Amino acid sequence: MASIPTFSSYSLLLKPNNTNTLFPNSNSSSSSSSCTLSLLPLFGTKLTLQRPISSTRSISIANFSATSETVPFNLPTDPNPQSDEVQKNPNPNPKWSARAIRSYAMAENEVRVLKYPKIGTESLLMGILIEGTSKAAKFLRANGITFFKVQEQTLELLGKSNYFFSTPRPTPLTEPLKKVLDSAVNEKLKSDLGEEGETNVTHLLLAIWSQEESAGRKILATLGFNDEKAEEIAKTAASGDIDWSFQKEA
């Protein structure tokens, strides 16, 4: 005797036209594609497998709009109130080198990795080393100051953040970092670049070192950076971020 086929998780309902239909909850009035299996030798009826094209169950897809973030480089250019050596920069939109902008972007990304609430001077220092192609970054590595060492010192100085903390967007800046960005512009104005030149990564590094109570300064000092090294790297600030000097091979 032939066994009756079984369909798990579905039930077969008998329709008046002697056609058994799978998916009994589907709307019969909607368009559907079907596959009919002739089982006349067994039952004298037809078994129709229907796959509804449209279903009452729908998946809602939220509309996601692209988000964009602006790097806050439209900064105030007032000089340090404690110094009258630099005049106020009449240009409200100072120019920043491409490597300086990338260094800041890497700093912001590292803050999200560490789940810190604000971008600080230590974050900018890590961003400079992550970007890695500027003269300032190469100078730091040549003196044994690497990204991993700075990250280790940052965690030791500031501690680890809550794993479930989410860094806000846009990410705010600490007060020392705001002073660093202003001071970097002032460093550029004091150099031979003048008002039209770009503020580069070396200016950022010197500005971090100038903030004595900042976390970035403390980390640099712990890793061996000092005033002599600051003076050494300051001599190259006017020539930009790229070292164009090379030795011709014989």
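The legends below describe close-up views of a predicted model.

**Figure 1. Overview of the protein chain.**
The protein chain contains 9 helices and 4 strands. Their order along the sequence is β-β-β-α-β-α-α-α-α-α-α-α-α. Of the 250 residues in the protein chain, 37% are buried.

**Figure 2. Helix α7 and its surroundings.**
Helix α7 spans residues 201-210. It is largely enclosed by the rest of the structure, because 9 of its 10 residues are buried. The buried residues of α7 are V201, T202, H203, L204, L205, L206, A207, I208 and W209. They pack against α2 (98-114), α3 (121-131), α4 (135-142), α6, α8 (215-222) and α9 (227-234). At the start of α7, the backbone nitrogen of T202 has a side-chain oxygen of N200 within 3.1 Å.

**Figure 3. Packing of helix α6 on helix α7.**
The axes of α6 (residues 175-190) and α7 (residues 201-210) lie 8 Å apart and form an angle of about 120°. With that angle, α6 is oblique to α7. The crossing of α6 and α7 is right-handed. On the α6 side, the contact is formed by V180, L181, S183, A184, E187 and K188. On the α7 side, H203, L204, L206, A207, I208 and S210 take part. Sorted by class, the residues in the contact of α6 with α7 are 7 nonpolar, 3 polar and 2 charged. Among the α7 residues in this contact, H203, L204, L206, A207 and I208 also belong to the buried set of that helix.

**Figure 4. Packing of helix α3 on helix α5.**
Helices α3 and α5 pack with their axes 9 Å apart, at an angle of about 165°. This makes α3 roughly antiparallel to α5. The two helices, α3 and α5, cross in a left-handed sense. From α3, the residues E122, L125, M126, L129 and I130 meet F147, V150, Q151, T154 and L158 of α5. The contact of α3 with α5 comprises 7 nonpolar residues, 2 polar and 1 charged. In an α-helix there are 3.6 residues a turn, so residues three or four places apart point the same way. Such spacing can be followed in α5 from F147 through V150 and T154 to L158.

Q151 is a residue of helix α5 (residues 147-158). With a relative accessible area of 19%, Q151 is buried. Neighbours within four places in sequence aside, the contacts of Q151 are E110, L114 and M126. T154 also lies in helix α5, and T154 is buried at 0% relative accessibility. The side chain of T154 comes to 2.8 Å from the backbone oxygen of V150. Beyond its neighbours within four places in sequence, T154 touches Y116, E122, M126, G159 and I219. In the packing of α3 with α5, M126 is one of the α3 residues.

**Figure 5. L155 in helix α5.**
L155 is part of helix α5. It is partly exposed, at a relative accessible area of 27%. In sequence, L155 and L114 are 41 residues apart, and their C-alpha atoms are 8.7 Å apart in space. With neighbours within four places in sequence left aside, L155 is in contact with L114, Y116 and K160.

K115 is located in the loop between α2 and α3. Although K115 is not a glycine, its phi is positive, at about 60°. K115 counts as partly exposed, with 25% relative accessibility. P170 is located in the loop between α5 and α6. The peptide bond leading from R169 to P170 is cis, and its omega is near -10°.

Conventions
Residues are numbered from 1 along each chain as its sequence is written. This is a predicted model: local features need pLDDT of at least 70, side-chain atom pairs count only at pLDDT 80 or more; totals for chains, interfaces and linings use all residues. Side-chain values use heavy atoms; hydrogens and water are left out. Axes are lines fitted to C-alpha atoms, for helices over the stretch in contact, and angles run from 0 to 180 degrees between N-to-C directions. Angles under 35 degrees count as roughly parallel, over 145 as roughly antiparallel, 65 to 115 as roughly perpendicular and the rest as oblique. A crossing is left-handed if the near helix is turned anticlockwise from the far one by less than a right angle, and right-handed if clockwise. Contact means heavy atoms within 4.5 Å. Ala, Val, Leu, Ile, Met, Phe, Trp, Tyr, Cys and Pro count as nonpolar, Asp, Glu, Lys and Arg as charged, and the others, Gly among them, as polar. Buried means under 20% relative accessible area, exposed over 50%, partly exposed in between (1.4 Å probe, protein chains only). A polar contact is a pair of N or O atoms within 3.5 Å; within protein, one must be able to donate a hydrogen and the other to accept it, and residues adjacent in sequence count only if both atoms are side-chain atoms.
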